[in-house]
Amino acid sequence: LLEALAREQEADRPGLVRRLAADPGDERLKLYVTTRSLGVRRDFPALFQEGDYLALSPEGPRARHVLAFARTAGETSCLTLATRFHLTLGADRAAPVGAGWRGTTVPLPAGLGRGPWIDAYSGNSLAAGPEGALHLEEIFAELPLAMLRPA
């Protein structure tokens, strides 16, 4: 299953991410997220062995539906964002992604950097807006979670 998933990712990563997001019950979704997360851990070991934890505070209409934190080590940061309380968003079957997150942001503290980062799951390049905040409509465009590693 892992080998098939890797081949599918290599052939059409955007398509794979769309298919996984469309069916949260797909057993491959957890495997995909786990392997991509472990890949970031392998590529940036200092962040996870010696890095500091920094809680981030979402703002906006869906702020209570987001968990966000950063791991930092020197000038390097990795940000993790995930949604929660899906049922109260009316997302009983589909992942809460896209425009529903408009107006919800995660301000980044000074010194954390503004990006660009690469989302380990979608492969998208992302950066903070001019005001220094991540816009969740963009971050959660395809999946209701993101792990932003250094570009």
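Is Trp-101 buried or exposed, and what is its relative accessible area? In this predicted model, Trp-101 is buried, with a relative accessible area of 0%.

## The aromatic pair of Trp-101 and Phe-140

A pair of aromatic rings is described by the distance of the centres and the angle of the planes. The count of aromatic pairs in the structure comes to two. One of them is formed by Trp-101 and Phe-140, whose ring centres lie 5.2 Å from each other and whose planes are at 65 degrees, an arrangement classed as edge-to-face. The class follows from the angle, because planes over 60 degrees apart count as edge-to-face.

Trp-101 belongs to the loop between strand E3 (76–83) and strand E4 (105–107), while Phe-140 belongs to the loop between helix H4 (136–139) and strand E8 (145–150), so the pair ties together parts that are 39 residues apart in sequence. Phe-140, for its part, is buried, with a relative accessible area of 0%, and Trp-101 likewise has a value of 0%.

Val-97 is placed in the loop between E3 and E4, and with a relative accessible area of 32% it is partly exposed. When neighbours within four places in sequence are left aside, the contacts of Val-97 are with Phe-140, Ala-141, Glu-142, Leu-143 and Pro-144. The C-alpha atoms of Val-97 and Val-66 are 12 Å apart in space, although 31 residues separate the two in sequence.

## The cavity

The structure holds one cavity of 30 Å³ or more, and the space in the largest cavity amounts to about 40 Å³. Its lining consists of Asp-119, Ser-122, Asn-124, Leu-126, Glu-138, Ile-139, Ala-141, Glu-142 and Leu-143, which divide into four nonpolar, two polar and three charged residues. Among these lining residues are Ala-141, Glu-142 and Leu-143, which are also among the contacts of Val-97.

## Strand E2: Arg-71 and Thr-72

Arg-71 lies in strand E2, which covers residues 66–73, and Thr-72 is found in strand E2 as well. Apart from neighbours within four places in sequence, Arg-71 is in contact with Leu-47, Phe-48, Gly-51, Asp-52, Tyr-53, Thr-76, Ser-77 and Cys-78. With regard to Gly-51, a polar atom of the Arg-71 side chain lies 3.0 Å from the backbone oxygen of that glycine. Arg-71 and Arg-36 stand 35 residues apart along the chain, and their C-alpha atoms are separated by 16 Å.

Thr-72 is buried, with a relative accessible area of 16%; this assignment holds because buried means under 20% relative accessible area. Not counting residues up to four places away in sequence, Thr-72 touches Leu-47, Gly-51, Asp-52, Ser-77 and Leu-112. Of these residues, Leu-47, Gly-51, Asp-52 and Ser-77 are also in contact with Arg-71.

Arg-41 is part of helix H2, which covers residues 27–43, and it is partly exposed, with a relative accessible area of 44%. From Arg-41 to Ser-77 the C-alpha atoms are 12 Å apart in space, whereas the two residues are 36 residues apart in sequence. Ser-77 is one of the residues in contact with Arg-71, and Thr-72 touches Ser-77 too.

Elsewhere in the chain, the peptide bond that runs from Gly-115 to Pro-116 is cis, with omega near 10 degrees. Pro-116 has its place in the loop between E4 and strand E5 (117–119).

Terms used:
Residues numbered from 1 in each chain as written. Predicted model: local features only at pLDDT ≥ 70, side-chain atom pairs only at ≥ 80, totals over all residues. Heavy atoms only, no water. Helix = DSSP H or I, 4+ residues; strand = E, 2+ residues; numbered from the N terminus. Contact = heavy atoms within 4.5 Å. Polar contact = N/O pair within 3.5 Å; in protein donor to acceptor, adjacent residues only side chain to side chain. Buried < 20%, exposed > 50% of the residue type's maximum accessible area, 1.4 Å probe, protein only. 1 Å grid on protein atoms, 1.4 Å probe; cavity = no way out; pocket = protein on both sides within 12 Å on 5 of 7 lines; lining within 4 Å. Points joined across faces, edges and corners; volume = space filled by probe spheres on them. Nonpolar A, V, L, I, M, F, W, Y, C, P; charged D, E, K, R; others polar. Phe/Tyr/Trp six-rings, centres within 6.5 Å; stacked < 30°, edge-to-face > 60°.
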